[in-house]
Amino acid sequence: GLASVYGIIKAHDGYISCYSEKGQGTTFRVYFPVFKADNNATEEQQPVFIPQGGSETVLIVDDEPEIRELTREILEEYGYKVIVAANGEEALEKHLDYGESIDLTLLDLNMPGMGGHKCLQEILKLDPSARVIIASGYSPNGQAEETMSSGARAFIGKPYQLNKLVGTVRKVLDS
């Protein structure tokens, strides 16, 4: 949970501090920059991005059932066929069962057992042309950066923003 909170705060140019004292508890302080509204801007002036869906098959790999289910619902709403896996081992089984009919894999980076990095490597051994998007609540730098250089096609931060999720899926499928 803290990794997701940290990711959200950093994505909004914020800062978080933590103070803990034995017997007293823990205090988190979250700071966000001041937002100054542009009084001249109206909603009509803001372009609205409507992501396009598709009919391809997407494998969602995430150890958190709520995230798997919500992501499945979103992608199905946009017309995609969805297969789910709860961990890296199950994802490999799905790749063996469905083969090249999986058009894209949305792979959580941090999972118990076989993590996302190792799973990506194994998927690419099975199918070197596999399209994989790495998902994480952590920054795209560090561990995610290493995984990206191992063959993932894109990175998406968690928690997902609907337009970003559907747009990234479409972009990778079209590449």
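These legends describe close-up views of a predicted model.

**View 1. Overall fold of the chain.**
The chain has six helices and seven strands. Read along the sequence, these elements follow the pattern α-β-β-β-α-β-α-β-α-β-α-β-α. Of the 175 residues in the chain, 35% are buried. Among contacts with a separation of 6 or more, 59% are between residues 24 or more positions apart. The chain exposes about 10,800 Å², and carbon and sulfur atoms supply 51% of that area.

**View 2. The largest nonpolar core.**
This core has 20 residues. Those with the most contacts inside it are Leu59, Val61, Leu107, Val132 and Ile134. Two or more residues each come from strand 3 (57–61), strand 4 (81–85), helix 3 (88–98), helix 4 (116–126) and strand 6 (132–136). Helix 4 gives the most, with four residues. In soluble globular proteins, nonpolar side chains tend to be buried together.

**View 3. The second core.**
A separate core of 17 residues includes Tyr80, Leu104, Val169 and Val172. The next view shows Leu104, Val169 and Val172 again, as residues that isoleucine 133 touches.

Isoleucine 133 lies in strand 6. The residue counts as buried because its relative accessible area is 1%, below the 20% limit. Leaving aside residues up to four places away in sequence, isoleucine 133 touches Leu104, Thr105, Leu106, Leu107, Ala154, Phe155, Ile156, Thr168, Val169 and Val172. One of these, Leu107, is also among the residues with the most contacts inside the largest core. Isoleucine 133 and glycine 151 are 18 residues apart in sequence, and their C-alpha atoms are 9.5 Å apart in space.

**View 4. The aromatic pair of tyrosine 15 and tyrosine 31.**
The structure holds one aromatic pair. The ring centres of tyrosine 15 and tyrosine 31 are 6.1 Å apart and the ring planes are at 35°, so the pair is tilted. The pair links distant parts of the chain, 16 residues apart: tyrosine 15 is in strand 1 (residues 15–21) and tyrosine 31 is in strand 2 (residues 25–31). Tyrosine 31 is partly exposed, with a relative accessible area of 44%.

**View 5. A nonpolar patch on the surface.**
Leu2, Val5 and Phe28 form this patch, and together they have about 270 Å² of accessible area. Leucine 2 lies in helix 1 (residues 2–11). With a relative accessible area of 55%, leucine 2 is exposed.

**View 6. The salt bridge between arginine 170 and glutamate 56.**
The count of salt bridges comes to eight. In the one between arginine 170 and glutamate 56, the closest N and O atoms are 2.8 Å apart. This pair links distant parts of the chain, 114 residues apart: arginine 170 is in helix 6, and glutamate 56 is in the loop between strand 2 and strand 3. Arginine 170 is buried, with a relative accessible area of 12%. Side chains of opposite charge can pair when their charged atoms come close.

Lysine 118 counts as partly exposed, at 40% relative accessibility. Elsewhere, salt bridges that share partners join Glu56, Arg170 and Asp174 into one network.

Lysine 158 and proline 159 are joined by a cis peptide bond, with omega about 0°. Most residues other than glycine have a negative phi, and most peptide bonds are trans. Proline 159 is found in the loop between strand 7 (154–157) and helix 6 (162–174).

Key
Residues are numbered from 1 along each chain as its sequence is written. This is a predicted model: local features need pLDDT of at least 70, side-chain atom pairs count only at pLDDT 80 or more; totals for chains, interfaces and linings use all residues. Side-chain values use heavy atoms; hydrogens and water are left out. Rings of Phe, Tyr and Trp (its six-membered ring) pair if their centres lie within 6.5 Å; planes under 30 degrees apart count as stacked, over 60 as edge-to-face and the rest as tilted. Buried means under 20% relative accessible area, exposed over 50%, partly exposed in between (1.4 Å probe, protein chains only). A nonpolar core is a set of buried Ala, Val, Leu, Ile, Met, Phe, Trp, Tyr and Cys residues joined through side-chain atoms within 4.5 Å. Patches are made of residues with over 30% relative accessible area and no salt bridge: like charges are joined within 9 Å, nonpolar side chains (Val, Leu, Ile, Met, Phe, Trp, Tyr) within 5 Å. Accessible areas come from the Shrake-Rupley method with a 1.4 Å probe; for residues, only the protein chains shown count as cover. A salt bridge is a side-chain nitrogen of Lys or Arg within 4 Å of a carboxyl oxygen of Asp or Glu. Contact means heavy atoms within 4.5 Å.
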